[in-house]
Amino acid sequence: MTLGCLGEVVGYAGRVIMHGNPWDEIGFQMQICCLIIAPSFFAAAIYITLKHLVLTFGPEHSRLPPKWYTWIFIGCDLFSLMLQGAGGGVAASASDQSTQDVGSHLMLAGIVWQVFTLIVFAALSGDFVLRVSRARSNLTLAASDLLKDMKFRLFSFGLVTAYLTITIRCIYRVAELAGGWRNDIMQNEAEFIVLEGVVIVIAVICQTAFHPGYCFPQMRFQSRVGPKGIMGDKDVSDPEMTHTSV
């Protein structure tokens, strides 16, 4: 989250520089590189939560082992990040249109891959939620109580909202880059502000206000989660349980 926010700040600082001088090379490099890759870090924060949700509510409800989610989705995110970063670097340093187009195509490939990754993530997450819902009567008492906890519900709401806004941003970027550097979408400032800026602000607010450290503390106790989910009927978020179990 920190890296993503820093990237956004640097990127928009570049746009402020370009407001005074649209031909400023440093400002262009700052905004094209940082704004294209920063949301990947926010997406990574979302990907990590699925592993912990599976550990909390029961790996038996998941189609994949919990640790695979981190390896698969963070790996895909890194690949997308490399493509977008490389494309942004090539486009920002290009001295002719053909080289700039190469950078644009690399960025487009990275964002298309990111959209694909987000869709696969949504499919696996939805499948897991459906399986847990069907097995609700077999969940541990702690897991059942967690589902009723308002803080966890707010966390879930924030997670879904952040996912949707990041996905909307990525789809917008695909449409923007697919038409080339001088297409109507790329030159529409209002659409950029809403579909690149506002949606990312919403995602960051949701991921910060409903932070798992407060709303989903079980993420901090991964090592204490057994193969059936949260340990027995104990609340692993209770510090007294930690002392009594030593």
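The legends below describe close-up views of a predicted model.

Local features need pLDDT of at least 70 and side-chain atom pairs count only at pLDDT 80 or more, while totals for chains, interfaces and linings use all residues. Residues are numbered from 1 along each chain as its sequence is written, and side-chain values use heavy atoms, with hydrogens and water left out.

**View 1**
Helices (H or I, at least four residues) and strands (E, at least two) are DSSP runs, numbered from the N terminus. The order from the N terminus is α-α-α-α-α-α-α-α-α. The chain has 246 residues, of which 46% count as buried. Buried means under 20% relative accessible area, exposed over 50%, and partly exposed in between (1.4 Å probe, protein chains only). A contact means heavy atoms within 4.5 Å. Among contacts with a separation of 6 or more, 73% join residues 24 or more positions apart.

**View 2. Helix H2 packs against helix H4.**
Two packed helices are described by the angle between their axes and the distance between the axes. H2 spans residues 25-57, and H4 spans residues 97-134. Their angle is about 20°, and their axes are 11 Å apart. Axes are lines fitted to C-alpha atoms, for helices over the stretch in contact, and angles run from 0 to 180 degrees between N-to-C directions. H2 and H4 are therefore roughly parallel. The cut-offs are under 35 degrees for roughly parallel, over 145 for roughly antiparallel, 65 to 115 for roughly perpendicular, and oblique for the rest. H2 passes H4 in a left-handed crossing. That term means the near helix is turned anticlockwise from the far one by less than a right angle; clockwise is right-handed. The H2 residues that meet H4 include Phe-28, Ile-36, Pro-39, Tyr-47 and Phe-57. The H4 residues that meet H2 include Met-107, Ile-111, Phe-121 and Val-132.

**View 3. Helix H3 packs against H4.**
H3 covers residues 66-93. H3 and H4 have axes 7 Å apart, at an angle of about 160°. The two are therefore roughly antiparallel. Their crossing is left-handed.

**View 4. Gly-110 is buried in H4.**
Gly-110 counts as buried because its relative accessibility is 0%. Leaving aside neighbours within four places in sequence, Gly-110 contacts Ser-80, Leu-83 and Gln-84.

**View 5. Ile-37 lies in helix H2.**
Ile-37 is partly exposed, with a relative accessible area of 23%. Not counting residues up to four places away in sequence, Ile-37 touches Leu-81, Gln-84 and Gly-85. Ile-37 and Leu-81 are 44 residues apart in sequence, yet 6.0 Å apart from C-alpha to C-alpha.

**View 6. Trp-113 and Phe-116 form an aromatic pair.**
Rings of Phe, Tyr and Trp (its six-membered ring) pair if their centres lie within 6.5 Å; planes under 30 degrees apart count as stacked, over 60 as edge-to-face and the rest as tilted. The count comes to twelve aromatic pairs. Trp-113 and Phe-116 are a tilted pair, 5.5 Å centre to centre with 35° between the planes. Both lie in H4, three residues apart, about one turn of the helix. Trp-113 is partly exposed at 28%, and Phe-116 is partly exposed at 45%. Elsewhere, ring pairs link Tyr-47, Tyr-69, Phe-73, Phe-121 and Tyr-163 into a cluster.
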